[in-house]
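Student: Could you walk me through how to read helix packing and residue burial in a model like this one? I would like to look at it with you.

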Amino acid sequence: MRVSGVLDAVRVPGADAFAGLADLALLGTVLAFALIASAESLFSAAAVDRLHDGPRTEYDRELLAQGSATRSAACLAPSP
């Protein structure tokens, strides 16, 4: 598959793709992964802050960047 730009690689899912989001088990799993990934990101940032004397991490920006990267990666993932 050849991609000439980011917009060519993004495929907007249809309405049937969102039907699984109503499943409570799926929502619980997604929430658990999101919380674990957020905690890991914050723990890593705090550990790096202890290793240097420079400017400290802005945790709200760290979480925003983590969420943006995750969303972007999900949008660009090839569909099965």
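This is a predicted model: local features need pLDDT of at least 70, side-chain atom pairs count only at pLDDT 80 or more; totals for chains, interfaces and linings use all residues.

Student: Let's start with the helices. At what angle do the axes of helix α2 and helix α3 cross?

Tutor: The idea is to compare the directions of the two axes, each taken from N to C. Here helix α2 spans residues 24-51 and helix α3 spans residues 59-76; their axes come within 10 Å and cross at roughly 135°. That makes α2 oblique to α3, because an angle has to be over 145 degrees to count as roughly antiparallel.

Student: Is the crossing of α2 and α3 left-handed or right-handed?

Tutor: The α2 and α3 crossing is right-handed.

Student: Which residues make the contact?

Tutor: From α2, look for Ala37, Ser38, Ser41, Leu42, Ala45, Ala46 and Asp49; from α3, the partners are Tyr59, Glu62, Leu63 and Gln66.

Student: Let's take one of them. Is Ser41 buried or exposed?

Tutor: For burial, we look at relative accessible area, and a value under 20% means buried. Ser41, a residue of helix α2, has 5% relative accessibility, so it counts as buried.

Student: What does Ser41 touch, leaving aside neighbours within four places in sequence?

Tutor: With those neighbours set aside, Ser41 is in contact with Glu62 and Gln66. The side chains of Ser41 and Glu62 are also joined by a polar contact of 2.7 Å.

Student: Now over to helix α3. How accessible is Tyr59?

Tutor: Partly exposed is the class between buried and exposed, and exposed means over 50%. Tyr59 sits in helix α3, and its 36% relative accessibility puts it in the partly exposed class.

Student: Which residues does Tyr59 touch, not counting those up to four places away in sequence?

Tutor: On that count, Tyr59 touches Leu42, Ala45, Ala46 and Asp49. With Asp49 there is a side-chain to side-chain polar contact of 3.3 Å. As for Ala45, it lies 14 residues from Tyr59 in sequence, with a C-alpha to C-alpha distance of 7.8 Å.

Student: Can we finish with Leu26 and Ser72? Where do they lie?

Tutor: Leu26 lies in helix α2 and is partly exposed, with a relative accessible area of 34%. Not counting residues up to four places away in sequence, Leu26 touches Gly20 and Leu21. Ser72 belongs to helix α3 and counts as partly exposed at 40% relative accessibility.

Notes: Residues are numbered from 1 along each chain as its sequence is written. Side-chain values use heavy atoms; hydrogens and water are left out. Axes are lines fitted to C-alpha atoms, for helices over the stretch in contact, and angles run from 0 to 180 degrees between N-to-C directions. Helices (H or I, at least four residues) and strands (E, at least two) are DSSP runs, numbered from the N terminus. Angles under 35 degrees count as roughly parallel, over 145 as roughly antiparallel, 65 to 115 as roughly perpendicular and the rest as oblique. A crossing is left-handed if the near helix is turned anticlockwise from the far one by less than a right angle, and right-handed if clockwise. Contact means heavy atoms within 4.5 Å. Buried means under 20% relative accessible area, exposed over 50%, partly exposed in between (1.4 Å probe, protein chains only). A polar contact is a pair of N or O atoms within 3.5 Å; within protein, one must be able to donate a hydrogen and the other to accept it, and residues adjacent in sequence count only if both atoms are side-chain atoms.
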